[in-house]
Amino acid sequence: MYLRASGRSGLALTAVRDDETAAKANGVDVTRSKRLVYLVSAAGCGAAGGLLIIDALSVQPGAIFNVQWSAYMIFIVIVGGIGYLEGPLIGAIVFFVLQQLLAGYGSWYMIVLGLIGATAAIWLPHGIWGKITDKTGVQLFPVTYRIALGGPTVRPPGQSVRDQGTVDMAAR
């Protein structure tokens, strides 16, 4: 996924996300790019669903198509960091640790997760990984495309991702 996002098709998808008409005018095959995204996301969802079904002792639509799964995914992305490939990984680790720690508290478990998610959304708008990236400048999977307003510039290692004079395309 990282190689796809940091390559030519990732740039095409960024252009389609920003402005379909401009992307088409610049030679991007918009229909092909959209189909590629839908196929990759469908394959990922299918693989995750297959693992979920294999792990379950019994398969019932009420248990599998529960709104709780959406709440878990939203929590993972908000806490980990939206707009980063590393964010959901960090969010999944935090979610798993909290799930293990709060398993014995019954329904209070969901209330605590909601409070932590709301707190993270307010005080960490870019999530845990966004805070780490802002402080250290470290990115394990740098897939952002940067446009220098004053001409081509190269960001030295360790410089903050959100510096002045450049536009971070992933933050839009």
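This is a predicted model: local features need pLDDT of at least 70, side-chain atom pairs count only at pLDDT 80 or more; totals for chains, interfaces and linings use all residues.

Student: Which residues is Ile 128 in contact with, leaving aside its neighbours within four places in sequence?

Tutor: Those contacts are Val 79, Gly 80, Gly 81, Ile 90 and Val 94. Take Gly 81: it is 47 residues from Ile 128 along the chain, yet their C-alpha atoms are separated by 5.8 Å.

Student: How do the axes of helix 6 and helix 9 cross?

Tutor: Angles under 35 degrees count as roughly parallel. Here the axes cross at roughly 10° and come within 3 Å, and the two helices are therefore roughly parallel to each other. On the helix 6 side, Ile 78, Val 79 and Gly 80 make the contact, and on the helix 9 side Gly 127, Ile 128, Trp 129 and Gly 130 do.

Student: Now the rings. How many aromatic pairs does a search of the whole structure find?

Tutor: The search finds 2. One of them joins Tyr 72 and Phe 95, with 4.7 Å centre to centre and 50° between the planes, a tilted arrangement. Tyr 72 belongs to helix 6 (residues 67–80) and Phe 95 to helix 7 (residues 86–101), so this pair ties together parts 23 residues apart in sequence. Ring pairs also bring in Phe 75, giving a cluster of Tyr 72, Phe 75 and Phe 95.

Student: Are Tyr 72 and Phe 95 buried or exposed?

Tutor: Buried means under 20% relative accessible area. Tyr 72 counts as buried at 11%, and Phe 95 counts as buried at 8%.

Student: What about helix 8: which of its residues are buried?

Tutor: Tyr 109, Leu 113, Gly 117 and Ala 120 are buried in helix 8. They cover an arc of only 65° around the axis, which puts them on the same side of the helix. The buried residues of helix 8 pack against helix 6 and helix 7. On the face turned away from that buried side sit the exposed residues Trp 108, Leu 115, Ile 122 and Trp 123.

Student: And how far apart are the end C-alpha atoms of helix 8?

Tutor: They are 22 Å apart, which agrees with the 22 Å that its 16 residues should span at 1.5 Å a residue.

Conventions
Residues are numbered from 1 along each chain as its sequence is written. Side-chain values use heavy atoms; hydrogens and water are left out. Rings of Phe, Tyr and Trp (its six-membered ring) pair if their centres lie within 6.5 Å; planes under 30 degrees apart count as stacked, over 60 as edge-to-face and the rest as tilted. Helices (H or I, at least four residues) and strands (E, at least two) are DSSP runs, numbered from the N terminus. Buried means under 20% relative accessible area, exposed over 50%, partly exposed in between (1.4 Å probe, protein chains only). The expected span of a helix is 1.5 Å times one less than its number of residues. The arc is that of the directions from the helix axis to the C-beta atoms. Contact means heavy atoms within 4.5 Å. Axes are lines fitted to C-alpha atoms, for helices over the stretch in contact, and angles run from 0 to 180 degrees between N-to-C directions. Angles under 35 degrees count as roughly parallel, over 145 as roughly antiparallel, 65 to 115 as roughly perpendicular and the rest as oblique.
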